[in-house]
Amino acid sequence: PGLQALSLRDRDDEPIGTTGSDLHDKSETQSAGFTALKWRRRHIESYLIVPAAVARANGLSEETIKNTLAQAFGLAISDTFTASDCPSALLDAQGKAVLTEGPSALLSNTGRSVRDVAAELTPDEICEDLITFLDELQRFAT
C-alpha cells in the first residue's frame with residue numbers, strides 16, 4: 001500500500017502520437033500510484049544535439065558542428081530546438097548515431113562523451129521536455 005512508481009523511457013520507434021508535451025505515455029494505462037512517461041524525441045541523446053554545446057565540449061567551431069549535422073545527418077538546428085514541438089526531423093533523429101555511433105558521429109574519435117556535452121549546456125539550451133520531466137519528478141517526490 002502506498003507504493004508509487006514513475007517510469008520514463010525512450011520513444012525509440014514508436015509514433016510521436018504515443019506521447020504528449022506533458023510526456024505522459026499514451027500507450028500505457030495510467031493508474032493510481034503509477035505514472036508512465038516517455039520522451040518525445042526518439043532517444044534521450046537527441047536532447048543533446050545542440051551545436052553550441054557540442055562545439056564547446058569538443059573544441060570545434062559551432063559552424064563545423066552545424067555543417068556536419070546538415071551534411072552527414074540532414075539536420076538543421078533552428079531556434080525552435082528547445083521546444084517540445086520542435087521540427088519532426090529532430091523528434092525522429094537517431095540521437096545515438098548523431099552523437100556517438102559511427103564515423104560521422106559528432107563525438108566520434110574526440111575522447112568526449114554525451115556527459116561532456118550535457119555539462120556544457122547553458123540554461124537557454126535545455127529543452128522543454130527536460131524541464132517537464134524534472135517538474136514531474138518533483139511532483140512525484142512530494
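**Buried cysteines, strands and a core**

Trainee: Why is cysteine 86 called buried?

Mentor: Cysteine 86 has a relative accessible area of 5%, and buried means under 20%, with exposed over 50% and partly exposed in between (1.4 Å probe, protein chains only), so cysteine 86 counts as buried. Please keep in mind that this is a predicted model, in which local features need pLDDT of at least 70 and side-chain atom pairs count only at pLDDT 80 or more, while totals for chains, interfaces and linings use all residues. Residues are numbered from 1 along each chain as its sequence is written, and side-chain values use heavy atoms, leaving out hydrogens and water.

Trainee: What makes β1 and β2 a pair of strands, and in which direction do they run?

Mentor: Strands (E, at least two residues) and helices (H or I, at least four) are DSSP runs, numbered from the N terminus, and two strands pair if DSSP finds at least two bridges between them. Five bridges join β1 (residues 5-9) to β2, and the two strands run parallel, with arginine 9 standing opposite lysine 38 in β2. Four of the five residues of β2 (residues 34-38) are buried, so this strand is largely enclosed by the rest of the structure.

Trainee: What links threonine 18 to lysine 38?

Mentor: Threonine 18, in the loop between β1 and β2, has its side chain joined to that of lysine 38 by a polar contact of 2.8 Å. At 16% relative accessibility threonine 18 counts as buried.

Trainee: Which accessibility classes do leucine 23 and aspartate 12 fall into?

Mentor: Leucine 23, at 0% relative accessibility, is buried, whereas aspartate 12, at 35%, counts as partly exposed.

Trainee: What makes a set of residues a nonpolar core, and how many residues does the largest one have?

Mentor: Its members are buried Ala, Val, Leu, Ile, Met, Phe, Trp, Tyr and Cys residues joined through side-chain atoms within 4.5 Å, and the largest such core has 29 residues, with Val54 and Leu106 among those with the most contacts inside it. Its largest share, four residues, comes from α1.

Trainee: Why is leucine 91 counted as buried, and what does leucine 91 touch?

Mentor: Leucine 91 is at 8% relative accessibility and therefore counts as buried. Contact means heavy atoms within 4.5 Å, and, not counting residues up to four places away in sequence, leucine 91 touches several residues, including Arg40 and Cys86. Although leucine 91 and arginine 40 are 51 residues apart along the chain, their C-alpha atoms are separated by 6.5 Å.

Note on methods: A polar contact is a pair of N or O atoms within 3.5 Å; within protein, one must be able to donate a hydrogen and the other to accept it, and residues adjacent in sequence count only if both atoms are side-chain atoms.
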